[in-house]
Amino acid sequence: MNASNIPVIGFTGTSGSGKTTLIEKLVQQLSHRGLKVGVIKHDAHRFDIDKPGKDSWRFREAGATTTLISSDQLVAIQKRTAQPAPLEALLAYFTDEDLIIIEGHKSSPHPKVEIFRSANGKAPLYGHIQHIIAIAAPAEDHTRLEASQLPLLDLDTPSAVLDFVLEQLPHLRHP
């Protein structure tokens, strides 16, 4: 659990395995059930959500450490960091969600579901990444993954993955 005692579940896997697509479907299904879901996505590349010339961009370019822009329905915060923000600091931004889903942050000690596709041509991560509690993969990959002794979920049936997450919800913790 984080400081707000909100359950946390991560989804990890190699690039192109389908993490974002699955998370999007899970968020839709959870939202339709009336749950408030937060998502943290780690981007290993440099990104910028601002647009050159806009006021918030100008403030940041002028040297502001933190800029916040708000409207009646949305708040966005940009904060310069000298080093990657620890996951615990990112979790502190979430205060009233029912569940936080994390994409990436492979080395952080939160429970994770690995997304795996043999068609991706890459090896599974479960032997190299800690805190993996299940693997979601296409049914044709399940035989290959039985040695993991982890629960195997059908990646092509997001409702099955959702059922697993909801079953785990009371037990999900973040150290």
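Student: Why is V75 called exposed?
Tutor: Its relative accessible area is 52%. Exposed means over 50%, buried under 20%, and partly exposed in between (1.4 Å probe, protein chains only). V75 is therefore exposed.

Student: What kind of model is this?
Tutor: This is a predicted model: local features need pLDDT of at least 70, side-chain atom pairs count only at pLDDT 80 or more, and totals for chains, interfaces and linings use all residues. Residues are numbered from 1 along each chain as its sequence is written, and side-chain values use heavy atoms, with hydrogens and water left out.

Student: Where does V75 lie?
Tutor: In strand β4, residues 75–79. Strands are DSSP runs of E, at least two residues long; helices are runs of H or I, at least four; both are numbered from the N terminus.

Student: What makes the nonpolar surface patch that includes V75?
Tutor: L68, V75, I77 and Y93, with about 400 Å². Nonpolar side chains (Val, Leu, Ile, Met, Phe, Trp, Tyr) are joined within 5 Å, like charges within 9 Å. Areas come from the Shrake-Rupley method with a 1.4 Å probe; for residues, only the protein chains shown count as cover.

Student: How do you know that β3 and β4 pair?
Tutor: Pairing takes at least two bridges found by DSSP. β3 and β4 have 5, in the antiparallel sense. L68 stands opposite I77 in β4. A hairpin of 4 residues joins β3 to β4.

Student: Why is I115 called buried?
Tutor: Its relative accessible area is 1%, so it is buried. I115 sits in strand β6. Its contacts beyond four places in sequence include F11, L22, A136 and L155. I115 and L155 are 40 residues apart in sequence, yet 7.5 Å apart in space, C-alpha to C-alpha.

Student: What is the strand order in the open sheet?
Tutor: β2-β5-β1-β6-β7-β8, 6 strands with parallel pairing.

Student: What makes β2 and β8 edge strands?
Tutor: Each pairs on one side only.

Student: How many bridges join β1 to β5?
Tutor: 4, and the two strands run parallel. I9 stands opposite I101 in β5.

Terms used:
Patch = residues over 30% accessible without salt bridge, like charges linked within 9 Å, V, L, I, M, F, W, Y side chains within 5 Å. Salt bridge = Lys/Arg side-chain N within 4 Å of Asp/Glu carboxyl O. Contact = heavy atoms within 4.5 Å.
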